[in-house]
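Biologist: I am new to this structure and want to learn how to read it. Please show it to me, and we will take one feature at a time.

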Amino acid sequence: PGAQGGLFDPPPVGGEEQGKQYMKLDLEGGATVLFPHKIDQDPEAHGGNGWVQTIDWCPGRLRYQADKKIKAGKELRVLKTLELTEIQAADSNKWRPNDSGTDMRQ
């Protein structure tokens, strides 16, 4: 169960303390989800880092990962970015990012 090898491109989840507020589930059918089970609404919490919800799934020959990143504090309901990755499932291990979940800079 779950996406092969876990999340294709693990998103940044902040520091260690913020990272403990996330839950990862491997689901039947080749999908893995990552989401916060607790969200601090204090704008100063975790250095103002936002939050992310991720799903990685492989329904056939293509593999997909969607990352929904939201802002922190008072802007908690504001979408920061929505990212979609699409890759051939057979090539996903060859092209797996190795940035340890570093956020892409705009």
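Predicted model: local features only at pLDDT ≥ 70, side-chain atom pairs only at ≥ 80, totals over all residues.

Modeller: Start with Glu83. It has 18% relative accessibility, so it counts as buried.

Biologist: Which residue forms a salt bridge with Glu83?

Modeller: First the general idea. Side chains of opposite charge can pair when their charged atoms come close. A salt bridge here needs a side-chain nitrogen of Lys or Arg within 4 Å of a carboxyl oxygen of Asp or Glu. For Glu83 the partner is Lys69, with the closest N and O atoms 3.2 Å apart. Lys69 sits in strand E4 and Glu83 in strand E5, so the pair ties together parts that are 14 residues apart in sequence. Lys69 is buried, with a relative accessible area of 8%.

Biologist: How many salt bridges are there?

Modeller: The count comes to three. One of them joins Arg63 to Asp56, with 2.9 Å between the closest N and O atoms. Arg63 and Asp56 are both buried. Glu16 and Lys20 also meet through their side chains, at 4.0 Å from N to O. Here the ends are open: Glu16 is exposed at 65% relative accessible area, and Lys20 is exposed at 58%.

Biologist: Where is Arg63, and what else does its side chain reach?

Modeller: Arg63 is in strand E4, residues 62-70. Its relative accessibility is 3%, so it counts as buried. A polar contact is a pair of N or O atoms within 3.5 Å; within protein, one must be able to donate a hydrogen and the other to accept it, and residues adjacent in sequence count only if both atoms are side-chain atoms. The side chain of Arg63 reaches the backbone oxygen of Gly6 at 2.7 Å.

Biologist: Which way do E4 and E5 run when they pair?

Modeller: Two strands pair if DSSP finds at least two bridges between them. E4 and E5 (residues 79-88) pair in the antiparallel sense over nine bridges. Arg63 stands opposite Ile87 in that pairing. E3 and E4 are also antiparallel, with seven bridges. A hairpin links E3 to E4 through four residues.

Biologist: How many bridges join E1 to E2?

Modeller: Six, and the two strands run antiparallel. Leu27 faces Ala31 in E2 across this pairing. The hairpin of E1 and E2 has three residues between the strands, and Gly29 there takes a positive phi near 90°. E2 covers residues 31-36, and five of its six residues are buried. E2 also pairs with E3, antiparallel over four bridges. There Ala31 stands opposite Trp57.

Biologist: Next, aromatic rings. How many aromatic pairs does a search of the whole structure find?

Modeller: It finds two. Rings of Phe, Tyr and Trp (its six-membered ring) pair if their centres lie within 6.5 Å; planes under 30 degrees apart are stacked, over 60 edge-to-face, and the rest tilted. Tyr22 and Trp51 have ring centres 5.8 Å apart and planes at 35°, so this pair is tilted. Tyr22 lies in E1 (residues 22-27) and Trp51 in E3 (residues 51-57), so the pair ties together parts 29 residues apart in sequence. Tyr22 and Trp51 are both buried. Trp57 and Tyr64 form a stacked pair, 5.3 Å centre to centre with 25° between the planes. Tyr64 is also the bridge partner of Trp57 in E4. Trp57 is partly exposed, at 28% relative accessible area.

Conventions. Residues numbered from 1 in each chain as written. Heavy atoms only, no water. Buried < 20%, exposed > 50% of the residue type's maximum accessible area, 1.4 Å probe, protein only.
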